[in-house]
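I opened the model today and kept notes as I went. The entries below follow the order in which I looked things up.

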Amino acid sequence: LTALALVASTTLAASQAQAAVAPIDSVVPVPVSVQSVPNVTYNLTSGTQIRAAAGATDVANLLATTLRRSTGFALPVSQGTGDGISLQLSGADPQVGQQGYQLDVAASGVTIKASSAAGLFAGTQTLRQLLPAKIEASSVQTGPWPVPGARILDYPRFAHRSAMLDVARHFFTPDVVKRYIDEIALYKINYLHLHMSDDQGWRIMIDSWPRLATYGGSTQVGGGPGGYYTKAQYSDIVAYAAARHITVIPEIDMPGHTNAALASYAELNCNNTAPPLYTGTNVGFSSLCVPKDVTYRFVDDVIRELAAVTPGPYIHIGGDEAQSTSDADYRTFMNRVLPIVAKYGKQTMGWHEIAKVNPPTGVVPQYWGTTTSNTSVRDAAARGNKILMSPANKAYLDMKYNSSTRLGLTWAGYIEVRTAYDWNPGAHLSGVGESAVRGVEAPLWSETIVTRQDIEYMAFPRLPAIAEVGWSPWSKHNWDQFRQRLGAQGPRWTVMGMNYYRSTQVPWA
Ligand code: TNX
């Protein structure tokens, strides 16, 4: 009897623990406004239909695919309105803007309204989080599938919320990249920055300079086989991301971080001698040859071919840690390269060192420093450049969580979940206020990151912290509530088979 009572009370405690955060209070990033509608539930059933406005069918089909896997329901998608799940492109509160949505849950169904497909997609990611965690399963589960009565109005604080993956230090296959895209989409990340070249590897085929990929891509940190994307594979990644309303920003890092290119073509070197391939982790030792004309024919070819397969508006040209390029050469180089990007119809992003050349205001410097003041970035903001914020001591997913974390680096300090969460992008850098900030990015450099499990361990749960910092209004910023909501994501990640870091700062459900 005692044993039985013990079992009963343990079970009760467990179910109470799980009930501690209701789904409606566990959405990450926290929405602008959430009202619970008491005593109302919509149950997803075998009879549920999905209705999509013209222009919303792609979003509706993707939602249907996701929900069919775990429910086993047919969930037919049709045009028009009616009961069930309805995706509408008219009638939304104007406050939703280009990326936001309204989501209403009544007994008869779920209505998502937005003024764009991107907004509807964001709404469907919230809907996933309102359903039980097992909705993320890849095989059929038993219901029920309740969605709690709710009225949600939601839109982002910053237009740009990105994740960066370094596929140069270690190569990741298209499947691994796609899985990461799935994981970040759930948290309303809308850009994926792919760091595609560095000293250790060149990861995209450029037809006019094929040895970049075939030779420059043939190894990685530690000496493994590396790899590269064919243009077809790259386009497939871009399309997969686009279907999830994520725009790919490809980066070719220059003039430093270029050993893989220099090793592939002797003529790119000032001394006409190709260095060996590099598999270590030092930085700052390589530079394209600034005085040579062939350097700019090379850059022109690379940017032209990359722009042709990149539908998004941005190309990132790196520009960081050019310690083997003189300041004068750096300026000469950037002043020749910035017009090349513009010529091919793209806007330039660059690491924040690019601010030193007084770039045109359309150029976006990406702040990666560890201090709260930077003169050239402040001056760029004053001239009108918008800044992307990824301070290394807050947003770098490759820093260790603490001294006992196996993976990661430490140069910017340890970054526990609370550190990743507790900073304000609109007030972090002196002279760079809210209106000068384009958004936030969480970069994952891969010197120590080898597998998709490694990616997941470093990104979760810090990526959702950066996502909330970028999406949610500062008035809703609250660590104690965030950690509760984050804890409620744990069962979802378990169902998805994700290798997340079980930080002791978070009350995992
Ligand atoms: C600095 S941050 C770098 C990268 C390294 C990273 C490791 C930046 C723009 N450059 O080359 O991978 O630190 O954390």
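**Entry 1: the annotated site**

I began with the UniProt record, an unreviewed entry, which places the feature "active site" at E321. UniProt positions are given in the numbering used here, feature names are shortened, and annotations may be inferred rather than shown by experiment. I noted that this is a predicted model: local features need pLDDT of at least 70, side-chain atom pairs count only at pLDDT 80 or more, and totals for chains, interfaces and linings use all residues. Residues are numbered from 1 along each chain as its sequence is written.

I then found E321 in the loop between strand 13 (314-316) and helix 9 (327-343). Helices (H or I, at least four residues) and strands (E, at least two) are DSSP runs, numbered from the N terminus.

The rule I used calls a residue buried if 20 or more other C-beta atoms lie within 10 Å of its own, exposed if 12 or fewer, and partly exposed in between, with C-beta atoms placed from the backbone.

Leaving aside neighbours within four places in sequence, I listed G256, H257, V283 and G284 as the contacts of E321. Two residues are in contact if their C-beta atoms, placed from the backbone, lie within 7 Å.

**Entry 2: around the ligand**

Which residues are around the ligand? I wrote down V283, D320, E321, W351, W368, Y396, D398, L409, W445 and E447. A residue is included if its C-beta atom, placed from the backbone, lies within 6 Å of the molecule.

I sorted this shell into six nonpolar, no polar and four charged residues. Here Ala, Val, Leu, Ile, Met, Phe, Trp, Tyr, Cys and Pro count as nonpolar, Asp, Glu, Lys and Arg as charged, and the others, Gly among them, as polar.

**Entry 3: two domains**

I saw the protein chain divided into domain 1 (22-154) and domain 2 (160-471). These bounds come from an automatic or database domain assignment. The C-alpha centres of domain 1 and domain 2 lie 34 Å apart. Their contact takes 10 residues from domain 1 and 10 residues from domain 2.

On the side of domain 1 that touches domain 2, helix 2 (57-71) and helix 3 (117-130) each supply at least two residues. Helix 3 gives the most to that side, with five residues. I sorted the residues of that side of domain 1 into seven nonpolar, one polar and two charged.

I went back to UniProt, where an unreviewed entry gives "domain: Beta-hexosaminidase bacterial type N-terminal" for residues 26-155. Over residues 26-155 I read 22% helix and 34% strand, with the end C-alpha atoms 17 Å apart.

How many of the eight residues of helix 13 (residues 452-459) are buried? Six are, and helix 13 is mostly covered. I listed D454, I455, E456, Y457, M458 and A459 as its buried residues. They pack against helix 4 (174-185), strand 17 (437-444) and helix 14.

Helix 15 (residues 479-495) has 17 residues and should span 24 Å at 1.5 Å a residue; its end C-alpha atoms are 25 Å apart, which agrees. The expected span is 1.5 Å times one less than the number of residues. The buried residues of helix 15 include F482, L486 and W493. I found the buried residues of helix 15 packed against helix 12 (417-421) and helix 14 (462-471). Helix 15 is followed by G497, whose phi is positive, near 75°.

**Entry 4: backbone details**

I looked up two cis peptide bonds. The bond from V28 to P29 is cis, with omega near -5°, and P29 lies in the loop between helix 1 (2-19) and strand 1. The bond joining M254 and P255 is also cis, with omega about 0°, and P255 is in the loop between strand 12 (247-251) and helix 7 (259-264).

I also noted L75, a residue other than glycine with a positive phi, near 45°. L75 lies in the loop between helix 2 and strand 3 (77-79), and counts as buried because of 23 C-beta neighbours inside 10 Å. N272, again not a glycine, has a positive phi near 55°. N272 is exposed, with 10 other C-beta atoms within 10 Å.
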